[in-house]
Amino acid sequence: MAPRDPLVGTLRVCVLNLQSDGRIVSDTHPHLASCCELLELVLRKGLQQPVLSLAHRDYWHCFEQLTRQDAGGRLSALSLVVEQTRVCRKLLSAQGRGRYLLRLALRRKALPQFITHLLHTPRVLEWYSAETSILRNKGFVEPFMSLRFREHSARRTRDITH
């Protein structure tokens with residue numbers, strides 16, 4: 001049996017809790033906040049910080065880089081989510097932008113596309129540690145990608161400004 005990451009298992013339970021009542025997920029759903037927090041932990045796990053920089057790297061920077069690394073223009077829907085996040089004046093930090101982007105991507109059912117493009121963009125994926133990251137470990141990424149984020153759409157997205 002392949003090893004399992006406890007974060008992915010906990011996130012799976014959280015996603016199942018979101019699905020359990022069968023209603024559309026909104027910001028008031030009791031399990032949405034914990035599900036988004038777990039998703040953040042997965043996206044941060046193994047994210048390496050730049051060696052010669054004072055700037056702190058967060059998963060927002062990875063998603064932002066996806067649109068810069070895509071020369072073919074295939075990410076138009078994803079680019080719109082990134083650009084909408086980038087221009088929102090209420091968002092003051094990378095953490096706030098990342099949280100807003102996650103909610104927006106969930107609402108637009110684009111989160112699986114973001115993760116898929118991240119996994120197929122080697123220059124961004126290199127930012128993650130091969131030893132500790134869920135995204136760079138085939139045994140962990142497959143169960144993570146099997147989560148059904150497409151099913152969940154938040155009716156409205158609150159601005160989170162952290």
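**View 1. Gly 46 sits in the loop between H2 and H3.** This is a predicted model, in which local features need pLDDT of at least 70 and side-chain atom pairs count only at pLDDT 80 or more, while totals for chains, interfaces and linings use all residues. Residues are numbered from 1 along each chain as its sequence is written, and side-chain values use heavy atoms, with hydrogens and water left out. Helices are DSSP runs (H or I, at least four residues), as are strands (E, at least two), numbered from the N terminus. Gly 46 has 15% relative accessibility and counts as buried (under 20% relative accessible area; exposed is over 50%, partly exposed in between; 1.4 Å probe, protein chains only). Leaving aside neighbours within four places in sequence, Gly 46 is in contact with Trp 127, Tyr 128, Ser 129, Thr 132 and Ser 133 (contact means heavy atoms within 4.5 Å). Glu 131 is 85 residues from Gly 46 in sequence, yet 7.7 Å away in space, C-alpha to C-alpha.

View 2. H6 covers residues 111-119. Its buried residues are Leu 111, Pro 112, Phe 114, Ile 115 and Leu 118.

**View 3. H4 packs against H6 at an angle of about 100°.** The axes are 10 Å apart. They are lines fitted to C-alpha atoms, for helices over the stretch in contact, with angles from 0 to 180 degrees between N-to-C directions. H4 is therefore roughly perpendicular to H6 (65 to 115 degrees; under 35 is roughly parallel, over 145 roughly antiparallel, the rest oblique). From H4, Leu 78, Val 81 and Val 82 meet Gln 113, Phe 114 and His 117 of H6.

**View 4. Lys 109 has a positive phi of about 60° although it is not a glycine.** Lys 109 belongs to the loop between H5 and H6. With a relative accessible area of 45%, Lys 109 is partly exposed.

**View 5. The largest nonpolar core holds 46 residues.** Such a core is a set of buried Ala, Val, Leu, Ile, Met, Phe, Trp, Tyr and Cys residues joined through side-chain atoms within 4.5 Å. Leu 11, Leu 43, Phe 63, Phe 114, Tyr 128, Leu 135 and Phe 144 touch the most other members. Among the elements giving two or more residues to this core are helix H1 (6-20), helix H5 (94-107) and helix H8 (138-145). The protein chain has eight helices and zero strands.
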